Amino acid sequence: MSKTVASGADAFVEPRKETRPDFKELKSIEKERREILLRAELPFWRILMFWSGTCLKEIATDSLVWTTLIIYIGIRIYANVVDYVPDSVELLQKTNVGILGGFLSFFLVLFVNQTNGRFLEMYGFSKACSGRIQDVAGLAKAQLPIEVADRLVRHFNAAHIAGYVGLNAIGQGSPYSKTYFFDHYNEEAKLLTPAEMKEISRHDMDNSGLCMKELTTWCQQDVTDARIAGHIDTYQEKFFHDKILAFRAAMDGMYDYTDQPPHFFYIHFLVLLSALYLPLFAIDTAYAAGWGADKAIGLDILQGLIVFLQCVFVVGLRSLATNMIDPYGDDLEDLSVINYVEGTLEICSTIMNARQE
């Protein structure tokens, strides 16, 4: 990421400062993600004690929730101040807000189901990428000379990491940058040599998936070179290529889903329904809580709790669905990319260093 600064006949490229999370911050987010995953089987009373990774933060900061509660509280304060029953109470008894609530519930649950399907599909793509790299590492270790196998596995792992960095070019962007993510693992695992880094520098890894594509092609060239050198036959070569192309297809699937989120028209439709329904529900519930001699503080509190629970249901489901749209961001609910990358590197290292007596 850079910009050109011109002065007269001279011009130079000024590097743009990287503003995305550094590796330490990414590791901190990843650690909390893994801890949240372990909470799923805790007793219900312990689950209720958590704040991070829950719907509570979204609900507490959503203006629609507060607007709905203020409407209900305002009407009930007015009901407790006056001693008569307004004519509007009888008119509102003829309305049926529940029908709108039924439709909204159906569409919200459908939205959550759709985004959850996307989320699990993208999780499958991530694990498939890791699996194909492990497949190639095992085949390379068993069938190729160690230096050829090492080169192939290095290039394949580099393509894997570069693929996550390239996601920044589409969708909502990616917190995984070349500076803080790819370069860290490249230095730690010695994936690419300085000459190879220079060769791929013509691609803007932070804003394109082309670097991943080229590194994947390098893997195919490594396999072809191994066949030409006589290390494997054409059948074995095809098997290698199938695994490499399966990796590229899985990575392309991640890019495709990220590039095409659920339709904004549908999301706007749900937000509009929510913004209309919750205030109407608050008004309907507040007027039904009692007037004149029928009013009671206990009933006011109970009905207020029902209004709040309805807000939790509507806003919670909507937030849950929207949080699952892009699983490669920096939210605590997103996929554990660092875990996948480091797990793949560790398994490949184990495979390549395997020894049999």
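I began with Phe240 in this predicted model, and, setting aside its neighbours within four places in sequence, I found it in contact with Val136, Leu139, Ala140, Gln143, Leu144, Leu152, Val223 and Ile232. I then looked up the largest nonpolar core, which has 92 residues, and noted that Phe240 is listed among those with the most contacts inside it, together with Leu144, Tyr164, Phe181, Phe182 and Leu215. Helix H6, residues 97–143, gives the most to this core, with 14 residues.

My next entry concerns helix H1 (residues 23–37) and helix H14 (residues 337–352), whose axes come within 9 Å and cross at roughly 100 degrees. Because an angle of 65 to 115 degrees counts as roughly perpendicular, I recorded H1 and H14 as roughly perpendicular to each other. On the H1 side I listed Phe23, Leu26, Lys27, Glu30, Arg33 and Arg34, and on the H14 side Val337, Ile338, Asn339 and Glu342, as the residues that make the contact. These residues divide into four nonpolar, one polar and five charged.

Last, I looked at Lys190, which lies in the loop between helix H8 (178–189) and helix H9 (194–200). Its phi is near 55 degrees, a positive value in a residue other than glycine, and Lys190 is exposed, with a relative accessible area of 58%.

Conventions. Residues are numbered from 1 along each chain as its sequence is written. This is a predicted model: local features need pLDDT of at least 70, side-chain atom pairs count only at pLDDT 80 or more; totals for chains, interfaces and linings use all residues. Side-chain values use heavy atoms; hydrogens and water are left out. A nonpolar core is a set of buried Ala, Val, Leu, Ile, Met, Phe, Trp, Tyr and Cys residues joined through side-chain atoms within 4.5 Å. Buried means under 20% relative accessible area, exposed over 50%, partly exposed in between (1.4 Å probe, protein chains only). Helices (H or I, at least four residues) and strands (E, at least two) are DSSP runs, numbered from the N terminus. Contact means heavy atoms within 4.5 Å. Axes are lines fitted to C-alpha atoms, for helices over the stretch in contact, and angles run from 0 to 180 degrees between N-to-C directions. Angles under 35 degrees count as roughly parallel, over 145 as roughly antiparallel, 65 to 115 as roughly perpendicular and the rest as oblique. Ala, Val, Leu, Ile, Met, Phe, Trp, Tyr, Cys and Pro count as nonpolar, Asp, Glu, Lys and Arg as charged, and the others, Gly among them, as polar.
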